[in-house]
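Biologist: I'd like to learn how to read a few features off a model like this one. Could you walk me through it?

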Amino acid sequence: MLHKKITFIGAGNMAGSIISGLAKSGYPADLICACAPSANNTQKLADQFSIQASQDNVTAVDWAEVIVLGVKPQMMADVCQAMVDQGADFSNKLVISIAAGISVQRLQSLLGEKAQIIRTMPNTPSLLQKGMTGLFASEQVSEEYKTFAGDLMSAVGETVWVKEESMINSVIAASGSSPAYFFLFMEAMQTKAIEMGFDPEQARLLVSQAALGSIEMVKQNPDISIGKLRENVTSKEGSTAKALDTFNELQLTEIVAKAMQAASDRGEEMEKLF
Ligand SMILES: NC(=O)C1=CN([C@@H]2O[C@H](COP(=O)(O)OP(=O)(O)OC[C@H]3O[C@@H](n4cnc5c(N)ncnc54)[C@H](O)[C@@H]3O)[C@@H](O)[C@H]2O)C=CC1
Ligand SMILES: O=C(O)[C@@H]1CCC=N1
């Protein structure tokens, strides 16, 4: 991939994960700058990966060709407005937003019509280059910048382009937020395993190794449906069947669908609020 100077505005959980994944992927560290008001996070990343750290958004934007917006949705408008008021010029720069709930149109009105904006929805496993990112580009974004954004996010995991911006909210539901669902499930299992007599480390090992093995089986067998893999574990009248009956009685599938819909709805709602 081409290498361009990238400034991250915000260096928290998500931006920090992408920066770490990028640095581990071999992206030139001297072309990455992390910018946030407090030096805490930025300096940690700078010490760990030899990237640049800054506390001055405008200078950091001036320096780079690609700007990744990684602040909280609630803060996005104020942060963008402050940069523009202080003279930051986003004309013809590639602006990659990772924020939930901020539309391209909103960003365009904040940063100016000449900013080339790509909206993405990554997730924190980007840290380990095991991320999943959905991307949406408005019509005015150049092919060069689309390719760059795709390559950039591919350096930290898998990517899917969506044609409709509204599908970014579906990406939130399926992969942006979903590491938290899997963590919740594992937490619940760990809690019960402890109750059944294991110490916390053993319980964590039992649950996480089972999860890891299951994921690998899904990944390494793309031609076998996930349902079939489930059936292969489920002996007739055996113990797995009893566990699955319990999940079904309590309507796990419906619960998951409702939770995913709630995540997507909140993304949509935030687009109106912020
Ligand atoms: N955490 C996650 O799993 C995911 C988060 N996102 C999106 O990423 C964005 C950031 O979320 P998190 O990383 O979780 O939040 P966070 O709170 O960990 O990070 C926010 C960062 O913004 C910085 N910041 C605050 N004011 C600033 C300013 N004026 N200028 C520059 N930086 C400033 C903070 O210092 C912090 O480094 C959100 O918009 C969220 O929707 C997207 C996908 C997944
Ligand atoms: O909770 C949130 O709003 C963000 C978006 C996806 C994951 N975290």
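This is a predicted model: local features need pLDDT of at least 70, side-chain atom pairs count only at pLDDT 80 or more; totals for chains, interfaces and linings use all residues.

Biologist: Backbone angles, then. Which residue other than glycine has a positive phi near 60°?

Modeller: Ser50 is one, with phi near 60°. Ser50 sits in the loop that runs between α2 (39–49) and β3 (52–54). Gln129 also has a positive phi, near 60°, and lies in the loop between β6 (116–121) and β7 (131–137).

Biologist: Is Ser50 buried or exposed?

Modeller: Count the C-beta neighbours. Ser50 is exposed because 12 other C-beta atoms lie within 10 Å, and 12 or fewer is the cut-off for that class. Gln129 has 17 C-beta neighbours inside 10 Å, so Gln129 counts as partly exposed.

Biologist: What does UniProt place at residues 5–101?

Modeller: The unreviewed UniProt entry puts "domain: Pyrroline-5-carboxylate reductase catalytic N-terminal" there, at residues 5–101. In the model, that span is 45% helix and 20% strand, and its end C-alpha atoms are 26 Å apart.

Biologist: On to the ligand. Which residues come nearest to ligand 1?

Modeller: Gly10, Gly12, Met14, Ala99 and Ala100 come nearest, out of 27 residues around ligand 1. Helices contribute too: α1 (13–25) and α4 (73–85) each supply at least two residues of that shell.

Biologist: How many of the shell residues around ligand 1 are nonpolar, polar and charged?

Modeller: The shell around ligand 1 splits into 16 nonpolar residues, 10 polar ones and one charged.

How values were computed: Residues are numbered from 1 along each chain as its sequence is written. Chains are lettered from A and ligands numbered from 1 in the order in which they are written. Helices (H or I, at least four residues) and strands (E, at least two) are DSSP runs, numbered from the N terminus. A residue is buried if 20 or more other C-beta atoms lie within 10 Å of its own, exposed if 12 or fewer, and partly exposed in between; C-beta atoms are placed from the backbone. UniProt positions are given in the numbering used here, feature names are shortened, and annotations may be inferred rather than shown by experiment. A residue is near a molecule or strand if its C-beta atom, placed from the backbone, lies within 6 Å of it. Ala, Val, Leu, Ile, Met, Phe, Trp, Tyr, Cys and Pro count as nonpolar, Asp, Glu, Lys and Arg as charged, and the others, Gly among them, as polar.
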